[in-house]
Amino acid sequence: MQKIKNIAVIAHVDHGKTTLVDQLLQQSGTFAAHQEVADRVMDSNDIEKERGITILSKNTAIRYGDHKINIIDTPGHADFGGEVERVLKMVDSVLLLVDAQEGVMPQTKFVLKKAIGFGLVPIVVINKIDKDGAEPDRVLDEVFDLLVALDANEEQLEFPVLYAAARDGYAKWNLEDENKDMTPLFEAILEHVPYPKGSSDEPTQAQVFTLDSDNFVGRIGIARIFNGKVKKGEEYALLKSDGEKVVSRVSKLIGFIGLDRVEIDEAEAGDIVAIAGFSDIDVGDTIADKNNPVALDPMHIEEPTLSVIMSVNDGPLAGTEGKHVTSNKLRERLEKEMETNIAMRMEPLGDASFKVSGRGELQIGILAENMRREGYEFLLARPEVVVKEENGVKLEPFEHLVIDVPEEYQGSVIEKLGKRKAEMTSMTPMPDGTVRIEFEIPARGLIGFRSEFLTDTKGEGIMNHSFLEYRPYSGSVESRTQGALVSMENGEAVAFSLANLQARGILFIKPQDKVYNGMVIGESARPGDLEVNPLKGKQLTNMRSAGADEAVKLTPPRVMSLEAAMEWIEDDELIEVTPQSIRIRKKYLDPTQRRKLAREKKNM
């Protein structure tokens, strides 16, 4: 029986998980000496590379001595918590990475709470000890206090600690030791991670924790084998969560080593493999012995807390830039996404629109960004929180928000959050002159707050949040105070007209951009919408005047990214997303209809 260790790397965003996995892959000799490898090699998707964040959990395996170590790199962002939860069930220990300067952050608490709940003993790695502001001893105390607060048992409180700088490729047991390589971390994994329980002689039981798809073999389930063996070409029973049982043959069995997937004939208890041959395989399903099928416990997946309506683009410029514009194409793409992304839900609403629910703005924003890169064109409405009703009480999701701000900005931030129904729970001065303030806030209050927060703190503030629980509805929350500048004409914007409109607010468009009646071309400096004409050219006469040839001076427009637009829009506005542009428009393009609705709203 091969010696296997299964471990997940968990941490807050940007504490160095993927960089650490890079070093483990390189120093274990998994890559050949001549092989060229990119930085953060586990971040395979384009958006992951651009933003430097992990979105999908990915697994790899390394050989170290006579052991095979399966490593799963997990996302650190709260919106992808569903990925982390499933992965923890598949491993026997976790590497908890904590930044030596930032210390324990909301996601550290979120992922550690899950790991403690599964009874895993963490190996704590205090990373980035080479930073100027690093305080490893303070951070170690914070981790210990957090474990105590999470009701960890005695074994979990006896966790091993290492100090590392993953970027420079070293880890050590004591701060005084010399900086060599990752050997101490490999030793810690071999010594402290328990061997998988289960026996290869028992009837087969494997559970699927993530999905993949292949154009040739169809859906692939990545699963951990808890008992028995899985052999290529043999028949097994697939046990669904609703009790349904399907018998099918394993057409392909794939093992992992480094970044490569290798076809294998057999795998045994403790290993993590990819299995093809079951057409409707799903996350949480059990692959079991067909003669003696015993299902494993189903997986609990957190419910979505945010939803957005996605619909077909019906504006004047529809179909001019995108390739896939019909509701059938949208439905197919969303259904394909739901197959592999189980933390999201989708329901058709009838009028060529779909309600997509997820764990946060980032998760929905990344789906929309992927779709526009694939040539899709659609409209997005303002994100809304998913409200529940229990025993006649209306409940909404609350978030635990942690912000780090320089002292001089704390007053304005606390005031803004107060208007958004946030309650402060603690305030701690940090050694680097910033203040860490913790809040409990309705998830609605966070929609549209990030851009305002960055402006108020001149880009120096850091905010992080994770889902707390559902609580009674907290009344209305203040949102955007400025109105919109709305175009009243169709055509191409003219520099002369835009120069005159600059005094009215901040523009989102530049000269020669296509505009249409009802499109939002900027943010008004005052409350209330303002209809403007961006096509008005200069009146020409045959008389010469002193100021005739003055150059038009335009301030560069504010370029709206998809996430910024999702935060900015109000309930009566939509985002038009195409492969080339992101435009904001009013839900109703006809000004008379808009005025009529505004009057009705006022009289309600």
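Let's start in helix α12 (residues 449-456), where Phe449 and Phe453 sit four residues apart, about one turn of the helix. Helices here are DSSP runs of H or I with at least four residues, strands are runs of E with at least two, and both are numbered from the N terminus. Keep in mind that this is a predicted model, in which local features need pLDDT of at least 70 and side-chain atom pairs count only at pLDDT 80 or more, while totals for chains, interfaces and linings use all residues. Residues are numbered from 1 along each chain as its sequence is written, and side-chain values use heavy atoms, leaving out hydrogens and water.

Searching the whole structure turns up three aromatic pairs. The ring centres of Phe449 and Phe453 are 5.6 Å apart and their planes meet at 40°, so this pair is tilted. Rings of Phe, Tyr and Trp (for Trp, the six-membered ring) pair if their centres lie within 6.5 Å; planes under 30 degrees apart are stacked, over 60 edge-to-face, and the rest tilted. Phe449 has a relative accessible area of 1% and is buried; Phe453 is buried too, at 1%. Buried means under 20% relative accessible area, exposed over 50%, and partly exposed in between, using a 1.4 Å probe and protein chains only.

Lys388 lies over the face of Tyr470, 4.3 Å from the ring centre, and Lys394 lies over the face of Tyr473, at 4.1 Å from the ring centre. The criterion is NZ of Lys or CZ of Arg within 6 Å of the ring centre and within 35 degrees of the ring normal.

Now move to strand β4 (residues 93-99), where seven of the seven residues are buried. Ser93, Leu95, Leu97 and Asp99 point one way from β4, while Val94, Leu96 and Val98 point the other way. Strand β1 (residues 3-11) pairs with β4 in the parallel sense over five bridges, pairing being called when DSSP finds at least two bridges between two strands. Here Ala11 stands opposite Leu97 of β4. Strand β5 (residues 122-127) also runs parallel to β4, joined to it by six bridges, with Leu95 opposite Ile123 in β5.
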